[in-house]
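Q: I have a structure open and would like to go through it with you. Could we start with the terms we shall need?

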Amino acid sequence: MSFKRLKPGAAEKTLSPEEQQAKIGEVRKIIGSIADKFSVLCSDASVLRYLRARNYSTKKAANMLKGTITWRLEYKPEKIQWDDVAQEGARGRIYRADYLDKQGRTVFVIRPGIQTTGSASVQIKYLVYCLENAIWNQSSNEEQMVWLIDFEGWSTSCISLKVARDAAQVLQAHYPERLGLAIFYNPPKVFESFWAMVKPFLEPKTYKKVTFIYPDNPKSRKMLEELLDMGKLESYFGGKNTIGFDYEAYARKRREEDRRMSDFIDSGGPSPTYLTPDFNETLHLGDSDSEDETFCDEEAVSSKLGEDDVITRGKIPCSPNEPKNEIHEPKKCIKS
């Protein structure tokens with residue numbers, strides 16, 4: 001995978017619900033019959049996320065969505081379960097909090113100062129599992145997440161630039177508009193140089209969602225209190241929760257959620273996308289006119305996904321009650 005510095009984006013557009021619906025229809029027209037075979041991934045709510053990520057350029061959004069379909073068929077993120085990544089998750093370096101923010105958004109706690117022995121691919125696999133698991137368990141009217149990043153014990157040896165780039169690529173290319181806010185809590189001075197290296201690889205829409213919080217700053221404290229319940233927030237963020245990460249309890253919850261997801265699919269719910277054994281031989285990847293987007297060939301996909309095949313109902317894991325044809329205005333984040 002190659003990484004290129006991203007060009008500054010144009011001013012963000014604002015469209016009415018009617019204009020958004022028209023754009024969604026244009027994207028489906030560009031994608032063609034593939035949209036019918038991946039009905040949830042190509043739902044109104046999903047397509048709208050890709051449109052927002054590409055500032056409502058229908059061609060770029062369609063290319064981006066095709067790239068995600070290709071990636072999901074190859075990577076099979078929906079098949080990752082807790083026991084596949086439990087070793088990486090054991091120390092609580094990344095975990096989903098058992099509380100939401102005051103806007104009802106999922107909260108992830110990330111502690112990069114905790115050392116990991118996992119390879120770059122293992123770390124990305126665990127990140128993908130966390131994202132998939134969170135999306136599946138989100139309520140039907142909430143799409144975005146909050147990342148709380150605690151820098152206690154962090155040094156430049158704790159994370160590689162490659163892992164940071166890979167994570168940014170996965171998040172931006174295949175989970176657009178899922179990040180609502182990222183809080184960098186008390187980063188050390190040395191982090192500034194690392195951030196300067198990573199920032200050029202982030203899209204403007206992404207790094208604009210990053211907020212730096214320092215515990216000795218009253219304004220920062222006020223922001224956290226407005227965003228989160230301090231009684232539930234972990235003590236390492238200045239909250240009153242001293243329990244922190246309980247691995248055994250966390251593992252039980254994730255396994256139970258994995259079981260519910262499997263039961264839902266086995267009972268006839270929409271199936272995740274799967275890759276047929278010979279699909280790689282016919283899947284065609286080409287160059288797009290955008291630096292960070294990927295094409296996939298519609299005929300190659302269509303020829304491998306018959307009308308009666310169960311995987312024609314392919315979907316990104318999400319709440320079984322997620323509305324498929326409903327447009328929501330994005331919620332605004334609290335700013336410091």
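A: Two strands are said to pair if DSSP finds at least two bridges between them. Please note also that this is a predicted model.

Q: With that in hand, what is the bridge partner of methionine 145 in β4?
A: Methionine 145 has leucine 179 of β4 as its bridge partner. The strands concerned are β3, residues 145-150, and β4, which pair over six bridges in the parallel sense.

Q: How many residues of β4 are buried?
A: Seven of the seven residues of β4 (residues 179-185) are buried, so this strand is largely enclosed by the rest of the structure.

Q: And the sheet as a whole, what is the strand order?
A: The sheet is open and has five strands in the order β1-β2-β3-β4-β5, with mixed pairing. Strands β1 (94-100) and β5 (210-213) stand at the edges; each has a single partner strand, so one side of each lacks a neighbour in the sheet. From one strand to the next, the twist averages 25°.

Q: In which sense do β1 and β2 pair, parallel or antiparallel?
A: The pairing of β1 with β2 (residues 106-110) is antiparallel and runs over four bridges. Within it, tyrosine 95 has valine 109 of β2 as its bridge partner.

Q: Changing topic to helices: at what angle do α1 and α3 pack?
A: Helix α1 (residues 17-31) and helix α3 (residues 44-53) pack at about 95°, and their axes are 10 Å apart. Angles of 65 to 115 degrees count as roughly perpendicular, which means that α1 is roughly perpendicular to α3.

Q: Which residues make that contact?
A: From α1, the contact is made by Gln20, Gln21, Lys23, Ile24, Val27 and Arg28, and from α3 by Asp44, Val47, Leu48, Leu51 and Arg52.

Q: What share of the residues is buried?
A: Of the 336 residues in the protein, 51% are buried. The accessible surface comes to about 16,100 Å², and carbon and sulfur atoms account for 50% of that surface.

Q: One last point: of the contacts between residues at least 6 apart in sequence, what percentage join residues at least 24 apart?
A: For the protein, that figure is 78%.

How values were computed: Residues are numbered from 1 along each chain as its sequence is written. This is a predicted model: local features need pLDDT of at least 70, side-chain atom pairs count only at pLDDT 80 or more; totals for chains, interfaces and linings use all residues. Side-chain values use heavy atoms; hydrogens and water are left out. Axes are lines fitted to C-alpha atoms, for helices over the stretch in contact, and angles run from 0 to 180 degrees between N-to-C directions. Helices (H or I, at least four residues) and strands (E, at least two) are DSSP runs, numbered from the N terminus. Angles under 35 degrees count as roughly parallel, over 145 as roughly antiparallel, 65 to 115 as roughly perpendicular and the rest as oblique. Contact means heavy atoms within 4.5 Å. Buried means under 20% relative accessible area, exposed over 50%, partly exposed in between (1.4 Å probe, protein chains only). Accessible areas come from the Shrake-Rupley method with a 1.4 Å probe; for residues, only the protein chains shown count as cover.
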